[in-house]
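I opened this model to check a few contacts, cores and charged pairs. My notes follow in the order I looked things up.

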Amino acid sequence: CNCIAVESSMSRLQCAFDRDGVIIDEVRYMDFDRDPIDKGHKHYGLFLKRKEFQHEHEVRAAILLKEYGKGEYVECNINKLVSAIHVAPRAAPHYVDAVRQVVAHIGAPPAIPVVESSLLNAPDY
């Protein structure tokens, strides 16, 4: 699988946007057939996901559009947002190189590492 995971945190996400109107919150995971809907959360629907994904511990940033269907440009500081990029353990070597080239191309400092996953490596006892 040639894929990546971007590592960040709630505090990094909050620092990455320099404007008002960005709503940042943790995703709430629920069983849509059984769990009650929380009526007190203002933007509840933006931050819901099926319980099967709770291992992700996802946080999201969202804006409410001024006009339905019309997107809005929101600047985000990638260097403040991303702490690491993890490449899947079965990714092809050329894919890892391509990810590193993209990170270098966008001008990300060396402080944002591209990490090859060791998930499938034998344990080092």
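**Entry 1: a bridge across elements.** I looked up Glu 116 and found a salt bridge to Arg 100, with the closest N and O atoms 3.6 Å apart. Glu 116 lies in strand S7 (residues 114–116) and Arg 100 in helix H3, so the pair ties together parts that are 16 residues apart in sequence. Glu 116 is partly exposed, at a relative accessible area of 48%. Arg 100 is partly exposed too, at 36% relative accessibility. I keep in mind that this is a predicted model.

**Entry 2: confidence.** I checked the scores before going further. The average pLDDT of the chain is 87. I noted that 97% of the residues score at least 70. Where is confidence lowest, and where highest? It is lowest in H2, with a mean of 89, and highest in strand S6 (residues 84–87), at 94.

**Entry 3: other salt bridges.** I searched the whole structure and got eight salt bridges. I looked at two further pairs.

- Arg 28 pairs with Asp 25, and their closest N and O atoms are 3.2 Å apart. Arg 28 is partly exposed, at 27% relative accessibility. Asp 25 has a relative accessible area of 18%, which is under 20%, so I list Asp 25 as buried.
- Arg 50 pairs with Glu 52, the closest N and O atoms being 3.3 Å apart. Arg 50 is partly exposed, with a relative accessible area of 44%. Glu 52 is at 53%, which is over 50%, so Glu 52 goes down as exposed.

Entry 4: Lys 49 sits in strand S4 (residues 48–50). Is Lys 49 buried or exposed? Lys 49 is buried, with a relative accessible area of 18%. I listed its contacts, leaving aside neighbours within four places in sequence. Lys 49 meets Val 27, Arg 28, Tyr 29, Met 30 and Phe 32 on that list.

Entry 5: I checked His 57 next. His 57 has a positive phi of about 50°, although it is not a glycine. I place His 57 in the loop between S4 and strand S5 (59–62). His 57 is exposed, at 67% relative accessibility.

**Entry 6: distances from Lys 51.** Lys 51 is in the loop between S4 and S5. Lys 51 counts as partly exposed, at 42% relative accessibility. Beyond residues up to four places away in sequence, Lys 51 touches Tyr 29, Met 30 and Asp 31. I took two C-alpha distances.

- From Asp 35 to Lys 51 I get 9.9 Å in space, for 16 residues in sequence. Asp 35 is in the loop between strand S3 (28–30) and S4. Asp 35 is partly exposed, at 31% relative accessibility.
- From Lys 51 to Val 99 I get 31 Å, for 48 residues along the chain.

**Entry 7: the core.** I turned to the largest nonpolar core, which has 13 residues. Which of them touch the most other members? They are Leu 81, Val 82, Ile 85, Val 87, Val 99 and Val 114. Helix H1 (10–16), S6 and helix H3 (93–105) each supply at least two residues of this core. H3 gives the most, with three residues. In soluble globular proteins, nonpolar side chains tend to be buried together.

I then listed the contacts of Ile 85, leaving aside neighbours within four places in sequence.

**Entry 8: nonpolar surface.** Ile 78, Val 102 and Ile 106 make a nonpolar surface patch of about 260 Å². Ile 78 belongs to helix H2 (residues 78–81). Ile 78 is partly exposed, at a relative accessible area of 37%.

Notes. Residues numbered from 1 in each chain as written. Predicted model: local features only at pLDDT ≥ 70, side-chain atom pairs only at ≥ 80, totals over all residues. Heavy atoms only, no water. Patch = residues over 30% accessible without salt bridge, like charges linked within 9 Å, V, L, I, M, F, W, Y side chains within 5 Å. Areas by Shrake-Rupley, 256 points an atom, 1.4 Å probe, with all protein chains shown as cover. Salt bridge = Lys/Arg side-chain N within 4 Å of Asp/Glu carboxyl O. Helix = DSSP H or I, 4+ residues; strand = E, 2+ residues; numbered from the N terminus. Buried < 20%, exposed > 50% of the residue type's maximum accessible area, 1.4 Å probe, protein only. pLDDT = per-residue confidence, 0-100. Core = buried A, V, L, I, M, F, W, Y, C linked by side-chain atoms within 4.5 Å. Contact = heavy atoms within 4.5 Å.
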